[in-house]
Amino acid sequence: ARLRGERPPSRSPSPSLLYSPVSHRFSLARACARLAMSQQMVQLELDEKDKESFEEMQTSMGQARQEIAMLDANLRKRTTEKREAELILSELSTMSSETAAYKQVGKMFLQTPIDDLKSFLGTKVERCTKDCETLTEKRSHATQAAEKLQEDFQQFIKEHIYQQQGAPASQ
């Protein structure tokens, strides 16, 4: 296949196929595989209204995961900024107020009194602490909302599993 300039076959489906409204097989199979106790394929009975609800749930779950990831990234960033400011502040606290200190502004450095730098870094630590608390609270709410969406999604799947005649329901 490579000699003719063709791409080798992919072993896993592309991410766009997993959440595409056109192709429900991959996303349904993934969601149902978690519920199934055995390796058998699970089928769902969905009418048009249920398909729309299913797609909305998938979209909502994806958005919730993105929001949590964004909040995690922002929380890491603020925590790092706080740690850096605390470290610099602790280093400046050992120096006398007559020591020459420079603050970076773009590509240049401006001589700034140490007391001004200490107050700036102190306010930065306070601001980062407040931001971290706020982001932690938002992440907690987003996680709770994502868990609720996941429970609703699992319940939706359980309600729409196609049962063949004579086959026991798997729970």
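Student: In which helix is glutamate 81 found?

Tutor: Glutamate 81 is found in helix H3. Keep in mind that this is a predicted model.

Student: Is glutamate 81 buried or exposed?

Tutor: Relative accessible area decides that, and buried means under 20%. Glutamate 81 has 17% relative accessibility, so this residue counts as buried. Its side chain also has a partner: a polar contact of 2.8 Å joins the side chains of glutamate 81 and arginine 78.

Student: How should I think about two residues that sit a few places apart on a helix?

Tutor: An α-helix has 3.6 residues a turn, so residues three or four places apart point the same way. Keep that in mind when reading a list of buried positions.

Student: Which residues of H3 are buried?

Tutor: The buried residues of H3 include Phe54, Met57, Gln58 and Met61.

Student: What does the overall order of elements look like along the sequence?

Tutor: The pattern is α-α-α-β-β-α, made up of four helices and two strands. Of the 171 residues in the protein chain, 23% are buried.

Student: Which residues of H4 are buried?

Tutor: Among them are Ile114, Leu117, Leu121 and Val125. The list also includes Cys128, Cys132, Leu135 and Ala142, then Phe153, Gln154, Phe156 and Ile157.

Student: What separates the C-alpha atoms of threonine 136 and leucine 71?

Tutor: A distance of 8.1 Å separates them, although the two residues are 65 apart along the chain. Threonine 136 itself has 43% relative accessibility, so it counts as partly exposed.

Student: Where is alanine 69 placed, and how far is its C-alpha from that of arginine 139?

Tutor: Alanine 69 is in helix H3. Its C-alpha is separated by 9.1 Å from that of arginine 139, a residue 70 places away along the chain. The relative accessible area of alanine 69 is 44%, so it is partly exposed.

Student: Where does aspartate 47 lie?

Tutor: Aspartate 47 lies in the loop between helix H2 (24-35) and H3. With 44% relative accessibility, aspartate 47 counts as partly exposed.

Student: How do S1 and S2 run, parallel or antiparallel?

Tutor: For a strand pair, look at direction and at which residues face each other. S1 and S2 (residues 108-112) run antiparallel, joined by five bridges. Tyrosine 102 has glutamine 111 in S2 as its bridge partner, and glutamine 104 stands opposite phenylalanine 109 in S2. The hairpin has two residues between the strands, and glycine 106 takes a positive phi near 65° there.

Student: How much space lies in the second largest pocket?

Tutor: That pocket holds about 300 Å³. It is lined by 14 residues, and those closest to its centre are Ile88, Leu92, Tyr102, Leu117 and Leu121. Two or more lining residues come from each of helix H3 (48-93), strand S1 (101-105) and helix H4 (114-159).

Student: Which element gives the largest share of the lining of the second largest pocket, and how do the lining residues divide by type?

Tutor: H3 gives the largest share, six residues. By type, the lining has eight nonpolar, one polar and five charged residues.

Technical notes: Residues are numbered from 1 along each chain as its sequence is written. This is a predicted model: local features need pLDDT of at least 70, side-chain atom pairs count only at pLDDT 80 or more; totals for chains, interfaces and linings use all residues. Side-chain values use heavy atoms; hydrogens and water are left out. On a 1 Å grid over the protein atoms alone, a cavity is a set of points where a 1.4 Å probe fits but cannot get out, and a pocket is an open set with protein on both sides within 12 Å along at least five of seven lines; lining residues have an atom within 4 Å of a point. Grid points are joined across faces, edges and corners, and a volume is the space filled by probe spheres set on the points. Ala, Val, Leu, Ile, Met, Phe, Trp, Tyr, Cys and Pro count as nonpolar, Asp, Glu, Lys and Arg as charged, and the others, Gly among them, as polar. Buried means under 20% relative accessible area, exposed over 50%, partly exposed in between (1.4 Å probe, protein chains only). Two strands pair if DSSP finds at least two bridges between them. A polar contact is a pair of N or O atoms within 3.5 Å; within protein, one must be able to donate a hydrogen and the other to accept it, and residues adjacent in sequence count only if both atoms are side-chain atoms.
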